[in-house]
Amino acid sequence: MPKDSSIQSVLIIGSGPIVIGQACEFDYSGTQAARSLREEGIKVILINSNPATIMTDPMMADRVYLLPLTVESLEQILQENQIDAVLPTMGGQTALNLCKEAEDVGLWSQYNVRLIGVDIKAIDKAEDREKFRQWMIEMNIPVATAKTANSFLEGKEFAQEIGFPLVIRPSFTLGGTGGGFVHDKEDLDEALNRGLQASPIHEVLVEKAVLGWKEFELELLRDSADNVCIICTVENFDPMGVHTGDSITVAPAMTLSDTAMQLMRNTAIDMMRNLGNFSGGCNVQFALNPDTEEIIAIEINPRVSRSSALASKATGYPIAKIAAKLAIGYTLDELENQITKTTSAYFEPALDYVIVKVPRWNFDKFKGADDSLGLQMKSVGEVMAIGRSFTEAIQKACQSLENNAVGLGYYGKSLMHAEELLEYIKTPKWDRIFRIKDALMAGISVGSISKATNGIDRWFLYEIQKICNIEKKLAEYDLDTIPAGLLREAKVNGFSDEQISRILQHGNEEDVYNKRKELGITRVYKMVDTCSAEFEAKTPYFYSTFENVPEGAAGANSNESKASDRKKIIVLGSGPNRIGQGIEFDYCCVHGLLAIKESGYEAIMVNCNPETVSTDFDMADKLYFEPVYWEHLWEIIEHEKPEGVIVQLGGQTALKLAEKLHEKGIRIIGTSYDSMDIAEDRGRFSDLLKNLEIPYPDYGTAYDVDEAISVANKVGYPVLVRPSYVLGGQRMRIVINDEEVEKAVVSLLKHIPGNKILIDHFLDRCQEAEIDALFDGENFHVMGVMEHIEPAGIHSGDSNAVLPAFNLTPLIVHTMEEYAEKIARELNIKGLINIQFAIKDGKVFVIEANPRASRTTPFIAKAYQIPYLNVATKIMMGTHTLKDFKFEKKLKGFAIKEPVFSFNKFPGVNKELGPEMKSTGEAIRFIKDLRDPYFRQLYKDRSMYLSK
Amino acid sequence: MPDSKIPAVLVLQDGTVAYGNAFGAIGTTTGEICFNTGMTGYQEVFTDPSYFGQILIMNTAHIGNYGVKADEVESDTVKISGLIGRNLEDQYSRKVANGSLGEYLKTNNVVSIEGIDTRALVAHIRTKGAMNCIISSETTDVEALKKQLAEVPDMDGLELASKVSTKEVYELGNTDSDIRIAVMDYGVKKNILQCMVERGAYVKVFPARTPLAEVKQFAPHGYFISNGPGDPAPMDYAIDTLKQILQEEKPVFGICLGHQLLALANGIPTFKMHHGHRGLNHPVKNLVTGRSEITTQNHGFGVDPEAVRKADHIEITHVNLNDQSIEGIRVKGKPAFSVQYHPEATPGPHDSRYLFDQFLDLIRKN
């Protein structure tokens with residue numbers, strides 16, 4: 001069936017601010033959907049309150065509404081636009097819930113708007129746990145024994161009937177919020193209460209726990225003609241009991257026989273065909289009993305999801321893009337495969353590689369939080385790694401995590417005894433995979449580990465054992481004696497050069513690198529092509545591996561990434577999302593890529609975060625889905641020989657690699673390494689401020705407690721104690737006496753031994769403000785001045801910030817701008833700079849400077865409607881200067897950046913705010929003037945959450 | 001895990017040489033190289049008689065993870081001549097499995113090689129076409145292996161069906177059934193028979209060269225023309241039998257090789273494909289219903305599309321959505337139809353099993 005020509009304009013609902021369980025994967029799907037619909041000549045209107053998203057960029061839709069996701073906002077949009085249809089399947093649970101709410105009040109019918117992609121009945125059937133269960137029972141599909149309770153008493157009765165262990169699952173919540181396992185009677189009351197409260201309709205499912213079963217997810221597409229295909233089958237490394245968002249997952253399924261696979265496939269297809277009116281992407285989860293291979297259905301999500309974003313990156317199949325086309329009436333058989341461009345979109349991708357997704361957690365930010373993993377998602381981001389084997393992929397995933405892992409292993413840190421390990425791995429935690437490896441190294445059997453972990457499939461453990469066996473062999477040699485075959489085997493199985501040097505206890509990363517290059521052990525790049533090389537594909541989406549290159553004509557196929565003779569620039573991404581570094585840098589990278597392309601260069605992206613738009617296969621000219629890790633980057637540089645590398649757009653992750661690039665003589669596009677180092681190095685930066693006669697809070701550095709106390713007394717209490725080079729104020733404390741200094745320093749040194757500690761005088765109760773600016777070597781441009789509503793002491797990422805300043809005198813703003821320009825000039829910035837200020841008693845102090853895109857750059861670009869990242873990239877490259885652009889700031893009134901928190905995922909943690917950032921996302925809100933009631937309330941409450 | 005791996009070598013007809021490690025049986029083997037993109041069901045593939053004489057690359061990254069299970073086979077022995085993989089796994093986790101892939105290949109004397117850049121080879125075959133190859137874990141003397149390889153006959157024009165066909169007649173299903181199907185066995189997969197038996201048929205399987213007169217003594221209500229290996233063009237005996245069968249006006253269903261034979265019996269030539277279709281993800285559109293299906297495929301020969309389109313007495317019922325190749329035909333005015341792909345699946349999606357219903361309905365109506 002061709003597209004439905006009665007649909008001329010479509011409203012897409014976004015997912016709002018980033019919270020745990022709903023992150024930038026929905027920016028990816030929303031962006032794809034918008035592009036896909038506009039390709040068809042359809043007018044796209046978009047609503048999302050998240051300013052850091054690409055989807056809300058003017059280039060993505062015909063009209064963008066940065067409004068709160070409420071029925072009132074929808075009504076405003078419907079009044080101002082002729083809208084034929086609404087597509088609610090791209091913005092996660094938030095969009096579905098809002099769509100349902102609007103349906104309940106009759107909004108859609110009032111404005112004659114059709115729901116496309118899915119209908120309300122289908123949403124209900126899938127999202128309401130009881131309806132889902134009844135539906136499954138009607139269809140003869142097995143489910144876990146369960147009963148729905150609408151009251152505390154009911155819940156208790158059912159629990160008694162079903163028996164322990166059991167699961168409490170609240171209806172209509174996100175990322176498993178409020179759910180949990182109950183192992184015995186004592187925990188029941190609390191879990192039941194929490195679940196009922198978390199559900200917007202006060203309803204929970206009390207369900208028999210199928211602990212120890214294996215968990216699988218199928219990503220499917222269905223069209224209006226009832227064609228269904230499975231895009232990807234994902235296997236969870238962690239057995240049932242850990243939320244899939246918190247599980248390590250692997251694709252394709254590694255341990256499924258065809259018999260079991262087809263049973264799941266048939267069941268999923270029956271479910272989708274029976275769901276009701278649905279065309280688009282859908283996710284179905286199953287549990288499989290490893291003893292009998294019977295399966296039960298866990299859930300169905302009639303929308304694109306975090307898993308479908310992962311599946312898209314894992315297979316190369318752009319699920320959201322195709323799902324949007326299906327929603328407007330196309331059928332799968334009439335669309336083409338977006339990767340090969342010659343075959344059909346109706347097919348099931350075949351993979352000849354393995355992908356491993358590992359979640360990234362931020363428990364360090366939530367003191368007192370329960371760090372065990374369960375039904376409720378707790379991770380804040382994820383990495384994906386691609387390899388030609390599971391061993392290679394899992395090690396690359398570890399290298400991508402940015403928690404200092406050099407591969408799968410701790411290497412000397414925090415060793416446990418065998419019995420301790422066996423006990424430790426019984427509870428799923430963020431580091432369980434590392435402990436499992438330690439356990440195997442310690443000689444504990446695969447069988448014991450599988451049992452202790454309640455059913456991690458032995459095959460995965462055998463593979464990790466392979467890593468251990470290689471490691472043990474490596475340890476028998478040093479760099480001079482290591483056999484070439486063994487070194488090759490290690491590289492084939494994903495060991496990094498740094499990891500090998502640590503195991504050999506000989507030489508460093510570079511020595512191992514040089515050794516293997518001498519032996520001809522070098523990376524080749526393979527394409528992600530959806531079809532296991534069966535058809536020729538042209539999509540430039542690559543990953544690295546090591547191969548035994550065949551001799552003869554076939555050998556030329558081994559490395560599929562052919563370096564072009566064009567001038568190229570590499571953009572470094574920001575790796576996994578985490579608190580303090582998230583979607584905003586994806587926004588920056590995407591604009592960087594587009595600006596590079598516009599300037600006639602080849603744009604090459606390097607990143608490992610599957611949720612991002614920057615890793616969409618058609619954003620860059622070439623995508624390397626690789627860890628943002630030196631060894632991988634260096635081999636890409638050797639292969640591509642780029643003009644230079646942009647580190648300003650990928651947050652601290654990218655910036656960190658500047659030093660090595662500088663050492664190797666690789667051009668850093670924009671501000672030089674030395675200037676960046678001055679800004680990052682507290683001592684050098686203070687000297688610079690001193691020379692420029694710019695005030696800054698008195699400070700000192702220390703390496704131990706005694707030194708720290710003496711510095712603290714010299715600069716005067718209260719003081720801010722923190723490690724150097726950190727992200728989002730990690731481990732930053734404000735303290736008021738010697739005793740507290742001691743405590744802070746001891747804790748800091750325990751976690752980051754040998755780190756230089758910075759101690760600043762803290763300007764108590766002062767005002768905070770910041771400036772984002774551009775400098776091209778000659779001219780200076782202030783992008784925006786933001787004033788924080790909360791007084792100093794709360795991390796800038798957690799503060800409500802108002803653009804432009806609302807309460808600072810013109811003289812103060814002028815002084816800030818003057819200081820900013822002086823600093824930019826002195827640092828010889830080329831591109832972006834962000835400067836944080838404190839204002840006390842009319843005096844302006846500079847707190848810090850970041851020579852890169854900041855968290856607020858996308859916010860300013862959105863508020864003023866100026867493509868600042870595009871401009872910044874062109875200035876970095878030197879193709880343009882500020883004079884080439886005209887800036888017209890279109891903001892009427894003020895824009896407020898509001899932080900959004902995910903504390904509800906961590907019952908019992910301290911919600912107090914302080915110098916360490918805790919928010920996971922942000923929203924933008926426009927106000928006409930300062931009489932706005934929302935603003936006045938915010939202003940009134942400004943000191944509410946302040947830390948002591 | 002063996003500590004020292006035994007080296008093995010793979011040599012292709014065009015001189016390509018790839019080194020890897022031995023897996024399964026130690027020895028030397030020859031055959032035509034082909035690849036399969038399926039990610040599950042390796043044991044079903046290895047025992048599929050249509051793969052007789054082939055050396056198979058499994059494209060997916062790991063093979064062997066779930067071991068082998070006695071009843072997940074398509075015939076009683078392994079039919080492939082050799083196996084090539086990136087990571088062939090001897091350790092498996094499946095609780096209901098009976099053994100490891102390594103042992104299974106050893107028992108069935110299948111010489112295999114792993115640690116190969118399979119993707120580079122697949123791309124090579126994709127561009128250069130199917131060719132013969134040799135694997136050895138006995139010698140790494142490439143020149144000697146090349147000599148041995150030169151003596152291997154070309155698949156084009158090779159009749160292999162009679163080599164894998166049953167030697168004796170056998171029966172399956174309920175003897176009292178009112179639907180009796182005669183199966184002409186050129187290498188039939190077990191599950192094809194199962195699909196018919198499950199639907200209530202009583203099937204009798206005949207050796208490839210059984211004269212029709214003998215088959216007719218069974219008084220079948222319908223004929224099934226099976227899948228099988230090799231080139232259909234030299235199979236005069238089968239084509240002649242089928243021509244006679246078509247005279248009877250009884251329902252006929254052909255799969256894969258059977259599809260090619262139905263074409264040949266109707267004067268439509270077949271040809272050797274560049275590198276064939278082998279996998280579990282090929283999209284096929286049913287032109288009669290308008291619905292599409294994901295199919296299992298395994299064929300190195302195809303039906304000439306031009307000739308089919310020109311033939312007035314043949315209706316095209318199914319086409320491949322990737323390359324528009326002919327996937328299904330029907331003889332106009334006769335209850336005879338066939339598909340190029342494998343509706344019985346195993347391995348692969350069950351989307352197309354409706355064709356067995358169609359066949360049995362046709363018999364019932366007849």
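**Figure 1. Spacing of the two domains of chain B in the predicted model.** The centres of domain 1 of chain B and domain 2 of chain B, taken over C-alpha atoms, are separated by 28 Å. Domain 1 spans residues 7-150 of chain B, and domain 2 spans residues 161-365.

**Figure 2. Contact between domain 1 and domain 2 of chain B.** Domain 1 of chain B contributes 23 residues to the contact, and domain 2 of chain B contributes 24 residues. On the side of domain 1 that touches domain 2, the elements giving two or more residues are β3 (28-36), α1 (42-46) and α3 (118-128) of chain B. Of these, β3(B) gives the most, with three residues. Sorted by class, this side of domain 1 of chain B has nine nonpolar, nine polar and five charged residues.

**Figure 3. Strand β12 of chain B and its strand partners.** Strand β12(B) pairs with strand β10 (residues 170-172) of chain B in the antiparallel sense, over three bridges. Within this view, Val203(B) in β12(B) is the bridge partner of Leu172(B). With strand β11 (residues 180-184) of chain B, β12(B) pairs in the parallel sense, over five bridges. Tyr202(B) in β12(B) stands opposite Arg180(B).

**Figure 4. The β-α-β unit that includes β12 of chain B.** Strand β11(B), helix α6 (residues 190-198) of chain B and strand β12(B) make up this unit, which is right-handed.

**Figure 5. Burial of strand β12 (residues 202-206) of chain B.** A residue is taken as buried if 20 or more other C-beta atoms lie within 10 Å of its own. Four of the five residues of β12(B) are buried, so the strand is largely enclosed by the rest of the structure.

Technical notes. Residues are numbered from 1 along each chain as its sequence is written. Chains are lettered from A and ligands numbered from 1 in the order in which they are written. This is a predicted model: local features need pLDDT of at least 70, side-chain atom pairs count only at pLDDT 80 or more; totals for chains, interfaces and linings use all residues. A residue is buried if 20 or more other C-beta atoms lie within 10 Å of its own, exposed if 12 or fewer, and partly exposed in between; C-beta atoms are placed from the backbone. Two strands pair if DSSP finds at least two bridges between them. A crossover is right-handed if, with the strands pointing away from the viewer, the path from the first strand over the helix to the second runs clockwise. Domain bounds come from an automatic or database domain assignment. Two residues are in contact if their C-beta atoms, placed from the backbone, lie within 7 Å. Ala, Val, Leu, Ile, Met, Phe, Trp, Tyr, Cys and Pro count as nonpolar, Asp, Glu, Lys and Arg as charged, and the others, Gly among them, as polar.
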